[in-house]
Amino acid sequence: MAAMLLARQLPQHSRLIVPGCKYISQAATKTDVDFDFDGPSMKTAVPGPRSKELTKQLSEIQNADAVHFFCNYEESRGNYLVDVDGNRMLDLYSQISSIPLGYNHPALLKLLQQPQNLSAFINRPALGILPPENFAAKLEESLLAVVPKGMKQVITMACGSCSNENAFKSIFMWYRNKERGHSKASKEELATCMINQPPGSPDYSMLSFMGAFHGRTIGCLATTHSKAIHKLDIPSFDWPIAPFPRLKYPLADFVKENQEEEAHCLEEVEDLIVKYRKKKKTVAGIVVEPIQSEGGDNHASDDFFKKLRVIARKHGCAFLVDEVQTGCGATGKFWAHEYWGLTDPADAVTFSKKMLTGGFFHKEELRPDAPYRIFNTWHGDPSKTLMLSEVLNVIKREDLLSNVMHSGKVLHDGLLDLQVRYPHIVSRVRGRGTFCAFDTPTDAIRNKLIANARNKGVVLGGSGEKSVRFRPTLVFREHHAHLFLNIFDGVLADFK
């Protein structure tokens, strides 16, 4: 793979022109050592014959209805995903926002080639009881190097769902310890918890928001409200669900209306906390995404989140920020909640996806008071923290947060231009950094648009009822944004 890396430059002021596209966009100068291809290359419709054959094979083993196409990851690199039929596509979805540095990044390939690192990939320990010698040091140089404000503690997990699930558990334990005055659990509590009854199993709740997605495990699913297909037929808890602001765009034209909408949602949060306290289902914590991702890329103002934090403090609830999809730089700051400017930091922050490992940061008071209370066999994976450390080195060395802001501005401005020219297809353009989205008239139009773009060599994702979302890598440069805009202009022009 290393021999395939390309070093190349485009002359300054060159323009990318794709045949059949009306949109002319100036390309950014490329001065870095790149490991990308020059552009998409399509050989078949997607999915192609080989993908269809493999999907049929997989369908004999499991439900494969969600499979889009099969990939050739060995041939993929940078911002380009290659499928098994040889189609090369510019990937602006990056494995549902999970690939920080693109495919087959040289720094990560080099990391895996170093003999001293092999043990971390071969031997996967039960971290909670038998961690490797260097585990604490690796946490210091990876996760604790980017610890959110106000926190010093971190627990690693395997995925986003178990990160949120265990953060909920920590919040419930913290709240119960407050109630019992930090004394030891009574014999009655120890006995009743074994039969799922109070006081050992207190009837606490987590407040979440309509449109939220926090995972698919049972506890997380009670706080997930993005699509019915996630929740259908699954028993759940009676936990409060507050409305999340539905902002009107462009924001500058609807300042008063949006302020009123956010005020209404905050008022409903307080009403629900009081209502559930009266129902003996005390709200122990509030969980919120900085940008509702799966639910439709729904934004709220920084002021909304500041006031939400005040409400949580006022009512003694823990404040949990779910940064599983927004974390690791996609919005232009390492943590999206940094934009809020909280003077009273969150109590816990969950992460996964681009962070490569799951887990959650938390304040000292949420620290488990006994072994095995927050625990599972793998408890994360040492190889993931090793890779994260190298990802952080690349982010710093290549100033990728600045890159996200620059390429994100090109992407966002270009989408606004397309919105003006294709208002019957594109509306409500929004985003921070490269974490962008727009709405289409219907879900059917959205799905067809994504399929048409894919057949032109661009991978996009959907979210919510009718939104198209953009989740490119951190190495998505300005010239990639211009290239996409040229191609997508042609897709929109030909759309019927």
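Helices in this talk are DSSP runs of H or I with at least four residues, strands are E runs of at least two, and both are numbered from the N terminus. Hi everyone, thanks for coming.

What you see above is a predicted model, where local features need pLDDT of at least 70, side-chain atom pairs count only at pLDDT 80 or more, and totals for chains, interfaces and linings use all residues. Residues are numbered from 1 along each chain as its sequence is written, and side-chain values use heavy atoms, with hydrogens and water left out.

Leu 112, Leu 118, Phe 121 and Ile 122 make a nonpolar patch of about 360 Å². For patches we take residues with over 30% relative accessible area and no salt bridge, joining like charges within 9 Å and nonpolar side chains (Val, Leu, Ile, Met, Phe, Trp, Tyr) within 5 Å. A salt bridge here is a Lys or Arg side-chain nitrogen within 4 Å of a carboxyl oxygen of Asp or Glu. Areas are Shrake-Rupley with a 1.4 Å probe, and for residues only the protein chains shown count as cover. Helix H4 (residues 118-122) gives the largest share of this patch, 3 residues. Ile 122 sits in helix H4 and counts as exposed because its relative accessibility is 63%; exposed is over 50%, buried under 20%, and partly exposed in between.

On a 1 Å grid over the protein atoms alone, a pocket is an open set of points with protein on both sides within 12 Å along at least five of seven lines, a cavity is a set where a 1.4 Å probe fits but cannot get out, and lining residues have an atom within 4 Å of a point. Points are joined across faces, edges and corners, and a volume is the space filled by probe spheres set on them.

The largest pocket holds about 1,400 Å³. It has 47 lining residues, and His 68, Tyr 93, Ile 96, Glu 294 and Arg 469 are the closest to its centre. Elements giving two or more residues to that lining include helix H6 (160-179) and helix H14 (443-455), with H14 supplying the largest share, 5 residues. By class, the lining has 20 nonpolar, 17 polar and 10 charged residues; Ala, Val, Leu, Ile, Met, Phe, Trp, Tyr, Cys and Pro are nonpolar, Asp, Glu, Lys and Arg charged, and the others, Gly among them, polar.

The second largest pocket, at about 910 Å³, is lined by 30 residues, with Phe 172, Met 173, Gly 200, Ser 201 and Pro 202 nearest its centre. H6 contributes the largest share here, 7 residues. The classes are 13 nonpolar, 6 polar and 11 charged.

Most residues other than glycine have a negative phi, and most peptide bonds are trans. The bond from Tyr 249 to Pro 250 is cis, with omega near 0°, and a cis bond also joins Val 46 and Pro 47, with omega about 5°. Asp 297 has a positive phi of about 55° and is buried, with a relative accessible area of 0%. His 379 also has a positive phi, near 55°, and is buried at 10%.

That's my tour, so over to you for questions!

Terms used
Buried < 20%, exposed > 50% of the residue type's maximum accessible area, 1.4 Å probe, protein only.
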